[in-house]
Amino acid sequence: MKSKQMKNILFWCLGIVLCTLGISLCTKGNLGLSMIAAPPYILHLWLRDSFSWFTQGTAEYVWQAVLLVITCLIIRRFRFRYLLSFVTALISGFVIDGWLTILGGNGAYAGMPARIAAFAAGTIITAAAIAMFFRTTLPLQVYELVVTEIAERYRINKDKVKQWNDIVMLVISLAFALILTGGFNGVGVGTIIITLVNATLIRLFGKLLDRIVS
């Protein structure tokens, strides 16, 4: 029992630290954020000039609060632990701002090799982090909560729900970019790549974790 509790805590902590690092690295790569991270980033770009306090991390937990409300409407129920997921989102928002401070802000790296390396590392790290989140019973981020709750409520395979969720979020990202910024800020070739490979990477990391920690 103690070993299981330690695994829960470890995966939750690593999930937050690694997921936020992955998002920050993809931001520095500026080749397009994941379909999950792009909407709050675009909101940040849209509002930062009017509200200096609206950082990328702040945009993250505000957006996750919106997703939480939408999820409750879709599954037609609310549980207290959903609020704990928002607390996780709140922590993640602060950690993102911390990582970006360490990495020198959310402006892109100057050289293309550095940008490609940051994007690749960020994509892989984020996938590993999400696989960890899916294997803890502690409060998930709202992003992962959406997938697990819809899959449970309607008895659908979690990987399939994740793939469809990614597609829907990609459409939202494109709409936000065009409507709010008049371009494709936050969305690029990297967004498409992540949409295609993200679910597979998460599944592979999940299998690896299950073998290592059983």
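This is a predicted model: local features need pLDDT of at least 70, side-chain atom pairs count only at pLDDT 80 or more; totals for chains, interfaces and linings use all residues.
Which helix gives the most to the lining of the second largest pocket? That is α6, with four residues.

Residues are numbered from 1 along each chain as its sequence is written, and side-chain values use heavy atoms, with hydrogens and water left out.

## Pockets and a cavity

Rolling a probe the size of a water molecule over the atoms shows where empty space is left. Here the search runs on a 1 Å grid over the protein atoms alone: a cavity is a set of points where a 1.4 Å probe fits but cannot get out, while a pocket is an open set with protein on both sides within 12 Å along at least five of seven lines. Lining residues have an atom within 4 Å of a point. Grid points are joined across faces, edges and corners, and a volume is the space filled by probe spheres set on the points.

The linings can also be sorted by class: Ala, Val, Leu, Ile, Met, Phe, Trp, Tyr, Cys and Pro count as nonpolar, Asp, Glu, Lys and Arg as charged, and the others, Gly among them, as polar. The table puts the spaces side by side.

| Space | Volume | Classes in the lining |
|---|---|---|
| Largest pocket | About 400 Å³ | 20 nonpolar, five polar, two charged residues |
| Second largest pocket | About 210 Å³ | seven nonpolar, four polar, four charged residues |
| Largest cavity | About 60 Å³ | five nonpolar, six polar, no charged residues |

The largest pocket is lined by 27 residues, and I36, L67, V146, N165 and M169 lie nearest its centre. Two or more lining residues come from each of α1 (2-29), α3 (56-75), α5 (112-133), α6 (142-154), α7 (158-181) and α8 (189-212). The biggest share comes from α7, which gives seven residues. Helices such as these are DSSP runs (H or I, at least four residues), numbered from the N terminus.

Around the second largest pocket there are 15 lining residues, with R81, T136, T137, L138 and L140 nearest the centre. Both α4 (81-103) and α6 supply at least two residues of this lining.

How many cavities of 30 Å³ or more does a search of the whole structure find? There is one. Among the residues that line this largest cavity are G22, C26, T123 and N198. The elements giving two or more residues to its lining are α1, α5 and α8.

## A look at helix α4

Some of its residues are buried (under 20% relative accessible area, with exposed over 50% and partly exposed in between, using a 1.4 Å probe and protein chains only). The buried residues of α4 include Y82, S85, A89 and S92. An α-helix has 3.6 residues a turn, so residues three or four places apart point the same way. After α4 comes G104, with a positive phi near 95°.

## Rings and charges

Rings of Phe, Tyr and Trp (its six-membered ring) pair if their centres lie within 6.5 Å; planes under 30 degrees apart count as stacked, over 60 as edge-to-face and the rest as tilted. The whole structure has six aromatic pairs. In one of them, the ring centres of Y61 and F94 are 6.1 Å apart and the planes are at 35°, so the pair is tilted. This pair links distant parts of the chain, with Y61 in helix α3 and F94 in helix α4, 33 residues apart. Elsewhere, ring pairs link F51, W53 and F54 into a cluster.

A charge sits over a ring if NZ of Lys or CZ of Arg is within 6 Å of the ring centre and within 35 degrees of the ring normal. The charged end of K28 sits over the ring of Y109, 4.9 Å from the ring centre. K158 has its charged end over the ring of F134, 5.0 Å from the centre.

## Two loop residues

N30 has a positive phi near 55° and is not a glycine. N30 lies in the loop between α1 and α2 (38-47) and is partly exposed, at 41% relative accessible area. R155, also not a glycine, has a positive phi of about 55°. R155 is found in the loop between α6 and α7 and counts as exposed, at 81% relative accessibility.
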